[in-house]
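Subject: Structure handover

Hello,

Here is the structure for your files. Please open it alongside this note.

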Amino acid sequence: MSIPPLPSGLLQLLWFVRIVEAGSFAEAARRAGTTTSSMSKAVSRFEKAHGVRLLHRTTHSLSLTDEGDRLLVEGRRLISELAQAENLLADLGNGGASGRVRIAAPAAFARRCIMPELPVFLRTHQGIQIELQFGDDIADLAARGIDIAIRAGELGGWPGYVSRELYRFPWIACASPDYLQRHGIPDTPSALSSHALIGFRNKATGQIDNWHFTSPATGDDVRHIPRAEHVFDDGEMVWEMVRAGFGICWAPSWLGLDDLRSGRVVEILKEWRTDASTLSAVRLQRRLTPRRTQIVMDFIAALPSSWQV
């Protein structure tokens, strides 16, 4: 059972929302599997039919008009309601065990932890389709149609959401044996200042993340502000630089499980580890959760059993 084709005006409105979210006609077209020209014409027809202007267009940017800003809110609400209707139809048709499940997860986590196990899961549950999006913002799950979001750290009291703790993992300082053989092993966080450090720039804050430790003698929190020689905003790139012997990083243990187990990368300052951080799966609080969403949630929750280092 499926939702019948949408009227052209409604489809044009939904494309307008996708264009705004993508930031450009070209990116929206790429995501939708259509052409930039089709996207542009759809919005132009909508504007002409309703006598409104939704977007200010320049060669290099888009911005919303006042009318576009107001319509965007309703468009996002409509997308959310359509997604719920699609879920309901699937539930009525097959008990909810089949259909699409949309997951949002940090890129490095998705590649390192979900993707290696996903093919086996999908061969076992052939009625489930997965849409995996990179990102860890849970503020707009409904607007984006996300069923499950993977989030690290404290969640606070997000109203309208329920969370399930998946795993508690340590953040670790680590380097390659080759690097440590050439430069020595730091025995305190302060000794890191004389080493080449690989930093991670947090896209949400725009800042290089500080490194956190706990004194084994006093239990005090110790923050190290890295003067990083190399900086990346992708965790996997940080890890690749460490594997190649370019310096020391501070990262979640799940980022390099195979390398840590094989000894290609080793942990340093282990006695200075902070308390473990929490990894959670978050979803919207709804009266009815489709079976497929619960099946995927259980699959993700079972992954940490193989993450010990």
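Predicted model: local features only at pLDDT ≥ 70, side-chain atom pairs only at ≥ 80, totals over all residues.

Residues are numbered from 1 along each chain as its sequence is written, and side-chain values use heavy atoms, without hydrogens and water.

The protein chain averages a pLDDT (the predictor's confidence in each residue, from 0 to 100) of 84. Of its residues, 86% score at least 70. Confidence is lowest in helix α7 (residues 141–144), at a mean of 66. Strand β13 (residues 266–268) is highest, at 97. Helices (H or I, at least four residues) and strands (E, at least two) are DSSP runs, numbered from the N terminus.

Five strands make an open, mixed sheet, ordered β4-β3-β5-β14-β6. Its edges are β4 (128–134) and β6 (161–169). Strands count as paired if DSSP finds at least two bridges between them. β5 (residues 148–152) and β14 (residues 277–284) pair antiparallel over four bridges. There, Arg-151 stands opposite Ser-280 in β14.

The other sheet is open and antiparallel, with three strands in the order β12-β7-β13. β12 (249–252) and β13 are the edge strands. β7 (residues 171–175) pairs with β12 over four bridges. Cys-174 has Cys-249 in β12 as its bridge partner. Helix α9 (residues 235–243) packs on this sheet, touching β7 and β12 (contact means heavy atoms within 4.5 Å).

Best wishes

Note on methods:
Axes fitted to C-alpha atoms, helices over the stretch in contact; angles between N-to-C directions.
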